[in-house]
Amino acid sequence: MTRSAAYTILHETEYAPCGVPVSLAQHLLHLIPRELPWQSRESGRIVVEPDLAHLTEGEDAFGNPVAWLSLDTPHDGLLVRAESHVTVMSRELPDPEDSPPWETVRDSLRYHPEPRDADSLDALRYLYASPRVPCSAALAAFAGQAFKPGVPVLAGAQALMALIFETFTFDAKATEVNTPVHEVLLRKRGVCQDFAHLMIAALRSAGLPARYMSGYLLTDPPPGKPRLIGADASHAWVAVWCPHNGWVEYDPTNGIQPDLRHVTLGWGRDFQDVSPLRGVILGGLAQAPEVRVTVMPDAEQGEPV
Amino acid sequence: MSSSILAHYPYRPDSYDELFGEDGVRPHWQEFLDHIDESSADTLKLRAAQLSRGIQQNGVTYNVYADPRGTDRPWSVDLLPLILPADEWRGISAAITQRARLLNALLGDLYGAQTTLSEGLLPPELVYGHKGFLWPCSGLKPPGGAYLHLYAADLARSPDGRWWVIADRTQSPSGAGYALENRQLVSRAFPDLFRDMQVRSLSGFFRGLQRSLANQAPTDGEPPLTVLLTPGPFNETYFEHVYLARNMGFPLVEGQDLTVRNDTVFLKTVSGLKRVHAILRRLDDDFCDPVELRADSALGVPGLLGAVRAGRVLVANALGSGLLESAALPGFLPGICRHLLGEEIAMPSVATWWCGEEPARKEVLENLRSLVIKPTFPGGGNEVIFGDQLAEDQFDEVTRRIEAEPSAFVAQELVKLSRAPAWGGGQRRKLLTRSMGLRVYAAITPEGYNVLPGGLARVAGVDNTRILTMQKGGSSKDTWVLSDGPVASFSLLNNNIRVGDLIEETGTLSSRLAENLFWCGRYGERCDAVARLARLALSRLSEGRRSERAGALTMMLELAAGAGLIESRVGSLPIAKAELDLFRAVLDRRSDSGLAANLQRLMWCATQAREHLSLDHWHALKRLSSELEAARATVTDVSALLEFLDGALTTFVSLSGFAMDNMTRDTGWRLHIVGRRVERLDYLARTLARFLRAYGDINGPLQRELAVEALLELCDSIITYRTRYRAQPELLPALHMLTTDDGNPHALAFQVRMASNYLARFEADEKVDLGVAELEASFAAIRAFPWGRLEAVCPALERVDASQQLAGLFDRLGSAGRTLSDRLAMRFFSHVGQTGQATFAA
């Protein structure tokens, strides 16, 4: 029997009113969940307050839904509110031992002057260093702790995830949005984005394609407490490519393989390709916007808070 | 050897010599050589001197290290051109045309279906691993399928005489402007020869590009506006940006001059936002839009990619075209050429191995000694390694680095560059030879690619036989391509603008340029005023406080304090302290109201507005700026400081002369002049108000007379006063002369009249209230002031009261002037407030 879970997701980004108007804003939004074999989107909508902005919707180079927002009427404050309804279905997890040795995967991606199939060409897009993900011998050595010679690629990925989950500490104060991967590796602390970037960097340094997954994670309110609106956050995890199974996902922050609690927004080479909101603002007080996320299981809807 | 000048020609048989072969002088050089041989040493020397003077006069520079302090270096061009015969050029031209078509098609493939990757013709790493592959540009189709509007190839000739492509320039090729400039300079040195030899003309090359941009740009029926986007004056080839913008009549803009509204690009001009239909960019593509490309770029235009995606603007070269600048690419082009064009590639690239391929890596490591090693991708440090020059330990180090990261390295066969004759300089007629490479250009036209019949030949410094760069003592050459048939006689020397090329007024003055011209005016005038005040205060100081001329000193110190040059406790301020303050005010930038600080501001604005200033203007400023630097170290006593100030004042006077004589009377000029008038008005009104307030405290008629004399001197009006009154300075006539006499360029009336004249025109044209009415009203109040109350016969109390009232009127006038300046700024200079720009990702 296929299990499934339905969610309502609210994602608000706000430049609070401060007396200095925002005179021009240009943003790129990755706020609408992607349609996937295991995830259906019943609705997805972006509303901007004030209602003076132009919104154009489209698809980015990685196939993710995007919206471009532009506002050129001065206004004090700016609120971007995304609301979507999705249903996530459970996926069958592949047997990690039943996958090719990681060296085989690595070598199959080396260049030969011969035609290449679409699947592996797609994988190659996620094999090289990208703006937020460096590749280095140190990172390859780190990956080597999990990818011993001859280890099946998915078993190695599982071990690498476990290594990060067990030896790194979740610490929201240890890093900032721009902390480099090498520093995370050294300090062994960070948040989901850091762990995802680290795992991707290690995999790519070992010669294996890895994607940055952007989305949400359902959290449980403390026992007996109601779910608080805006208390959740964006989440990030990793997908590894295996010629037999396609992309297989790992969440190094929680040491689990994503299932019904992970909602996918989209993916890219790293955070920069799929950050929920990026852009330029003229005016205001140059303060970073405030972000509020709520992931609400539909079963809970209507229950008294 | 038929020519005597060849008697000592340093021919080297191991390289290809452009002039001399196994059979003697190559035929296409004969005519040129005969001419040189017939010319006397003096004639040639004269021509060489004319050539360097031409470089100076035209202000051709190359900003060597992109130094913000502006270490512009004069361009270097050799007297002797490189000469190429018609049939040889046909081959080069056909090959370059094909290569431009090929690279354009490859960009279309890589930003589209990527068949070259799926067919295995190009390693995916060279695309997906290249920072120049702009992912957000995937799937974008530029108008007419044109990605590459301007393309350049670096060519070299091997000892067997064949040409090879060394590198491709697809981002925003530089140097074509310098090639045009070289042509002007060198053809002028040999006018008859140039005509007789039927050298092909370069004119028309950029006209073709211009036509393509105009044709392809999405215009919605509007007359197309094309701009040239530059990273700014600190870029190493900024001279060329200015040159090309002028040559093609495109406004030269920086990212901040453009704004995107509703997927449409606009230029912020003094007459509002104007839609831009095409952008010829000299800014690297990844810097072009901080929203979707490099978020840390402050040079780009937020939202530009959106406008491109919406098909509302043409960007040339297309965003993403830098992708093809990879040393590894040439090795794969023959296969790609067969696949995309169904043709064999016409001109081979120098043999290239990408170490990311295992067999290639092995071969490279085995033959490292005979190869050149380059980084695969641009931007990762431009280090080029010559295998035969490596010491043993370096050799191992390079081997290790290639093995650790093979795909980051490319090996190329070492090409022994050809050698071209160069002018020896000096007293005797002597030729040298130098290693040489040739950069050639192709531009898209409505009829296909057009190759510039010529190019930028680059020659190495004395001992360098391998690297051609303008940064390391190299030089350049004009390239003469000879014609088979007759060259249309009118185009022979056609570097001149024809009637059809005349442009009446550029019309689109960007707000940034306008703002900088305005502030150039204000700071120029302010520097003048500060220098004058400091000079006067210093010379009075040196006469001492107790002298019989104390009245003048007190007044000068009062005014200097009011202007922020010295501390304000004038009465008790020790002379030594006042002197120290004045030294600082002149030489130290930390003295905020002083000369050094204001000169720095002036320099900044002038740098930003440089394309609008005459060369003399610019040079005078640069000279003064370096004199000030020098003075900081050498000036230790008052007389040396006074001498420096004398020199500075001469410069400021010539600057204002340049503004009157050498600048075109356009909107930018009017704003510059308004800046000067507004500044002088403000400064003078403040000075007069302060003077009146301090005047009452000066005791004794003699001392008061000296104070008035000092005021007249400060306002550069003492001579006028003496001629007119032939009497000792008195308050009433002096004030009157500095106020209401509108024939005196140092009087308030003059500033008011000029500012009103120009600004009333803006007010009428733009239908805005800049505050001219209030300016005129506050001046009318001064005119209507009962001046009789200041007459010496009036009771002292009456006179004090009148002085206070008049000072109040000066305050009002000064404030009207400042309002005017603010409103100008609001109306003309900023279309989106003065607030900062911030980039976020959340």
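**Note on the two-chain predicted model**

1. Strands E1(A) and E6(A) run antiparallel and are joined by twelve bridges; two strands count as paired if DSSP finds at least two bridges between them. Strands (E, at least two residues) and helices (H or I, at least four) are DSSP runs, numbered from the N terminus. Within this pair, A:Ala6 has A:Thr87 of E6(A) as its bridge partner.

2. On provenance: this is a predicted model, in which local features need pLDDT of at least 70 and side-chain atom pairs count only at pLDDT 80 or more, while totals for chains, interfaces and linings use all residues. Residues are numbered from 1 along each chain as its sequence is written, and chains are lettered from A and ligands numbered from 1 in the order in which they are written.

3. E1(A) and E6(A) belong to an open antiparallel sheet of four strands, ordered E3-E6-E1-E14 in chain A. Strand E3 (39–49) and E14 of chain A are the edge strands, each with a single partner, so one side of each has no neighbour in the sheet. From one strand to the next the twist averages 10°; axes are lines fitted to C-alpha atoms, for helices over the stretch in contact, and angles run from 0 to 180 degrees between N-to-C directions.

4. Chain A is assigned domain 1 (4–90 + 275–300) and domain 2 (102–272), with bounds from an automatic or database domain assignment. The centres of the two domains, taken over C-alpha atoms, are 24 Å apart. Their contact takes 22 residues from domain 1 of chain A and 19 residues from domain 2 of chain A, where contact requires C-beta atoms, placed from the backbone, to lie within 7 Å.

5. Which strands supply at least two residues each to the side of domain 1 of chain A that touches domain 2 of chain A? They are E1 (4–15), E6 (78–89) and E14 (290–297) of chain A. E14(A) gives the most, six residues. By class, this side has 13 nonpolar, six polar and three charged residues. Ala, Val, Leu, Ile, Met, Phe, Trp, Tyr, Cys and Pro count as nonpolar, Asp, Glu, Lys and Arg as charged, and the others, Gly among them, as polar.

6. Between the chains, 41 residues of chain A are in contact with 35 residues of chain B. On the chain A side, the elements giving two or more residues are strand E2 (22–29), strand E5 (65–71), helix H2 (118–124) and strand E13 (277–283). E13(A) has the largest share, seven residues. The residues on the side of chain A that touches chain B divide into 24 nonpolar, ten polar and seven charged.

7. Strand E10 (residues 234–242) of chain A is mostly covered, with nine of its nine residues buried. A residue is buried if 20 or more other C-beta atoms lie within 10 Å of its own, exposed if 12 or fewer, and partly exposed in between, with C-beta atoms placed from the backbone. Both faces of E10(A) are covered: A:Ser234, A:Ala236, A:Val238, A:Val240 and A:Cys242 are buried on one side, and A:His235, A:Trp237, A:Ala239 and A:Trp241 on the other.

8. E10(A) pairs with two strands described here. Strand E9 (residues 210–217) of chain A is joined to E10(A) by seven bridges in the antiparallel sense, with A:Tyr212 opposite A:Val238. Strand E11 (residues 246–250) of chain A is antiparallel to E10(A) over five bridges, and A:Val240 has A:Val248 as its bridge partner. E10(A) and E11(A) form a hairpin with three residues between them.

9. Chain B has an open sheet of four strands with parallel pairing, in the order E9-E8-E13-E14. Strand E9 (252–253) and strand E14 (314–316) of chain B are at the edges with a single partner strand each, so one side of each is left without a neighbour in the sheet. Strands E8 (residues 226–229) and E13 (residues 278–281) of chain B run parallel and are joined by four bridges, and B:Thr226 stands opposite B:Ala278. Helix H8 (residues 205–216) of chain B packs on this sheet, touching E8, E13 and E14 of chain B, and its direction makes about 155° with that of E14(B).

10. The largest nonpolar core has 143 residues, of which B:Leu107 and B:Val440 touch the most other members. Such a core is a set of buried Ala, Val, Leu, Ile, Met, Phe, Trp, Tyr and Cys residues joined through C-beta atoms within 7 Å. Helix H3 (residues 86–110) of chain B gives the largest share of this core, ten residues.

Terms used. Two residues are in contact if their C-beta atoms, placed from the backbone, lie within 7 Å.
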